[in-house]
Amino acid sequence: MRKPKARTALLVSLVLAAGALSGITASTASAAADPVAVTVNARAGLATVPDTALGVNHAIWDQNLGTAETTDLLRDAGVQMMRYPGGSYADIYHWKDHTAPGGYVAPNTDFDTFMAAVKRAGAQPMIIANYGTGTPAEAADWVRYANVTKGYGARYWTVGNENYGNGHYGSAWEADDHPDKSASQYARLVVEYADAMKAVDPTIKVGAVLTMPGNWPDGITAGSDPGPWNQTVLSIAGPKIDFVDVHWYPGGTAAESLARTNHLPDATYLLREQLARYAGPNAGRIGISFTELNVDAGRTTQPAALFLADVYSGLLSSGVFTVQWWNVHNGIGTVSEVAGQTDYGDFGLLSSGACTEDGSVCEPPLNTPFAPYHGLTMMKLFAKTGDQFVRAGTGDSLVSAHAVRRPNGDLAVLLINKDPDAAHTVAIDYAGFTPSTAAPTVSTFTNGATGITTSQSGSATSRTLPAYSLTTLVLRPAGATAGRPSAPGQPTASGVTDRTATITWPAATPGGSPIAKYEVYRQNGAVSEQLGETAGTSFTVGNLVPGSRYTVNVLARDTAGRVSWSSPPLTFATGSPTTSACTVRFTTNNDWGNGYIGGVEITNNGTKPITGWTLTWTWPTGWQQVSSGWSANWEQVGTAVRVTPTDDNRQIAAGASVSAGFVGAYSGPNVLPTAFTVNGTLCTSG
């Protein structure tokens, strides 16, 4: 039969069809003479690692799903969450009789066997309720069996899998027996599922399927839906759900996949913006899970390991509560050579021990770990439950850095060399943390290795990263950390305008000395800029840039000079002025997944005509552009757009408007601009 890995490959092809994303070219030079600058900023706190962080997918076609050998390998890799019953099979699977009409169900893969494996691994389950061919009553019965009859305490339940792939947008791989396959109908039934399931166990969390911003079919409106999939689902089901579930297969070459990890901050930002806009009151309670990830090139070799570590770190630092690799076992695919290693084209973390149809190539013995398994194990060594991610950055696109601060005061740094051909030396600078002079604990996974090496060696400030490698440093702090105040609580923003915002936070708890003041910092890349300080728990920030995104942290400093951990991060965006001599209305229509028909309308709010005008704005990302335009002269240099009139619309009378249109294109999350100027005057956004 055709295993679900082919279904996953179809998703990848759809993502690629929606628009190839720009990538990077690996350096072929030897290690550079000048070291790559790495900055680790312990003052710039990000999300805290939850106890569900490191996840994987299990599937009912895998007869090794519940074996002790498989389970122990997953436990040893630090797996904290397991998803069941397996991707698109979830929408044909009936748990009561353990059948999946139209698909293959392996022996020893029933729900109780899965839960025994979850328990043995010390993990938590995430269960997909059958939306495509099931009912709310069937899902509720599953909750009853799991949590009332068996007492499993299964907390996380998703309604369906990739249900936007049911043909509603033209491509169909996901089973859906409902006559109405719209996003609206999915959302209405999610409400029914949530009500039925929570009537059995009110403590469970129910999730709904969304699309990844910047990937098909994001932005597309089909049929009679009021908007694209995410908007429609959240508008109807938002008040009933507890989390949203997203998948991401970036596709492309190995270098392109590794480069596209820079999309993640904007993708998670857009998801939270959609939640806030469409999901109803208290939308901040809704979590985000990424339950399927993999690459198109180098699935069993080093690119997948590097991608896994980079993506897990990027998503977890953004506050995603679980990230889950597709898959544990999946089967041999197209065999190739990647960076000198045989790649079996297998989506699995562990070998299935399978051979190609002609028997010419066989995978290693069953359960031999592939490279991404070791990447997952590196994540276990790097980011532990309760650690707080802090901002880290580098001066080279081929080297990535992530960091966490541990409750005992240690700092762990993950360094990723994405260059397949050259080692890179890094020089590491620390802000808000002083490492001890002791040699750090160093763990390394290199290209072609069969395991991770760990030692105590070198210094905290310099390291040479082998080509195509993962390296983790664990550093002890210099001096004692006892007596510090606790971190301030989660900040909130109010009164946000185009240039000001008031930041408020719960007070920190004093340590060895009274708290003297609080310091408010903005994250500017990996550098913190102090915005101000106060003795109270509220601070109004001025001189902000209109139409800009800000991430801020608060630290407490006591009378002895001891500084707390960073507060959780707060991200907010400034807007446009409430009044201005001009108004610009920016519109998008007919989005096709990697482009749209855009429009700008300029209104003269003054009492005199405008003769000759220049409209400018800056795209928030480097993958957005104006492809062509009409009714004006359009120019883009870098991310800056400049629009000037034609002969017939040079003048805008007082109170009048002019309009122009363009074709917009994007190859990543499409974050729209909100600040526009006309003849140098900042306009109100309509």
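This is a predicted model: local features need pLDDT of at least 70, side-chain atom pairs count only at pLDDT 80 or more; totals for chains, interfaces and linings use all residues.
Cys582 is buried, with a relative accessible area of 2%. Cys582 is bonded to Cys683, with a sulfur-to-sulfur distance of 2.0 Å. The pair links distant parts of the chain, 101 residues apart: Cys582 belongs to strand S27 (residues 582–589), while Cys683 lies in the loop between strand S37 (681–682) and strand S38 (684–685). Cys683 has a relative accessibility of 1%, so this cysteine counts as buried too, given that the cut-off for buried is under 20%. The torsion about the S-S bond of Cys582 and Cys683 is about -90 degrees, and the disulfide is therefore left-handed.

A disulfide is a covalent bond between the sulfur atoms of two cysteines. A search of the whole structure gives two disulfides. Cys355 and Cys362 form a disulfide as well, and their sulfur atoms are 1.9 Å apart. The link of Cys355 and Cys362 has 100 degrees about the S-S bond and is right-handed. Cys355 has a relative accessible area of 37%, which makes it partly exposed. For Cys362 the relative accessible area is 37%, and this residue is likewise partly exposed. When the bonded cysteines of the protein chain are numbered in sequence order, the pairing reads 1-2, 3-4.

The next topic is the aromatic residues. Over the whole structure, 44 aromatic pairs are found. One of them is formed by Trp617 and Trp619, in an edge-to-face arrangement with 5.5 Å from centre to centre and 85 degrees between the planes. Trp617 is buried at a relative accessible area of 3%, and Trp619 counts as buried at 2% relative accessibility. Trp617 also pairs with Phe676: the ring centres are 5.7 Å apart and the planes stand at 75 degrees, so this pair is edge-to-face. Phe676 counts as buried, with 1% relative accessibility.

Elsewhere in the chain, Tyr84, Tyr93, Trp95, Phe111, Phe114, Trp142, Tyr145, Tyr152 and Trp157 make up one aromatic cluster. An aromatic ring also takes part in a contact with a charge: the charged end of Arg549 sits over the ring of Tyr269, 3.7 Å from the ring centre.

The loop between strand S24 (538–541) and strand S25 (549–558) contains Val545. Val545 has 46% relative accessibility and counts as partly exposed. Leaving aside residues up to four places away in sequence, Val545 touches Asp498, Tyr550 and Thr574. The C-alpha atoms of Val545 and Arg499 are 5.8 Å apart in space, although the two residues are 46 residues apart in sequence.

Strands of a sheet pair through backbone hydrogen bonds, either parallel or antiparallel. Here nine strands form an open sheet with mixed pairing, in the order S17-S16-S19-S14-S13-S12-S1-S15-S18. Strand S17 (453–456) and strand S18 (462–465) stand at the edges; each has a single partner strand, so one side of each is left without a neighbour in the sheet. On average, and with direction ignored, neighbouring strands of this sheet are turned by 25 degrees against each other.

Ala427 stands opposite Ser462 in S18.

Helix H9 (residues 302–317) packs on the sheet. The strands touched by helix H9 are S1 (36–48), S12 (388–394), S13 (399–405), S14 (411–417), S16 (441–445) and S19 (469–475), and the direction of the helix makes about 140 degrees with that of S14. Helix H10 (residues 371–382) lies across S12, S13, S14, S16 and S19, and runs at about 165 degrees to S16.

Technical notes. Residues are numbered from 1 along each chain as its sequence is written. Side-chain values use heavy atoms; hydrogens and water are left out. Helices (H or I, at least four residues) and strands (E, at least two) are DSSP runs, numbered from the N terminus. Buried means under 20% relative accessible area, exposed over 50%, partly exposed in between (1.4 Å probe, protein chains only). Contact means heavy atoms within 4.5 Å. A disulfide is a pair of cysteine sulfur atoms within 2.5 Å. Rings of Phe, Tyr and Trp (its six-membered ring) pair if their centres lie within 6.5 Å; planes under 30 degrees apart count as stacked, over 60 as edge-to-face and the rest as tilted. A charge sits over a ring if NZ of Lys or CZ of Arg is within 6 Å of the ring centre and within 35 degrees of the ring normal. Two strands pair if DSSP finds at least two bridges between them. Axes are lines fitted to C-alpha atoms, for helices over the stretch in contact, and angles run from 0 to 180 degrees between N-to-C directions.
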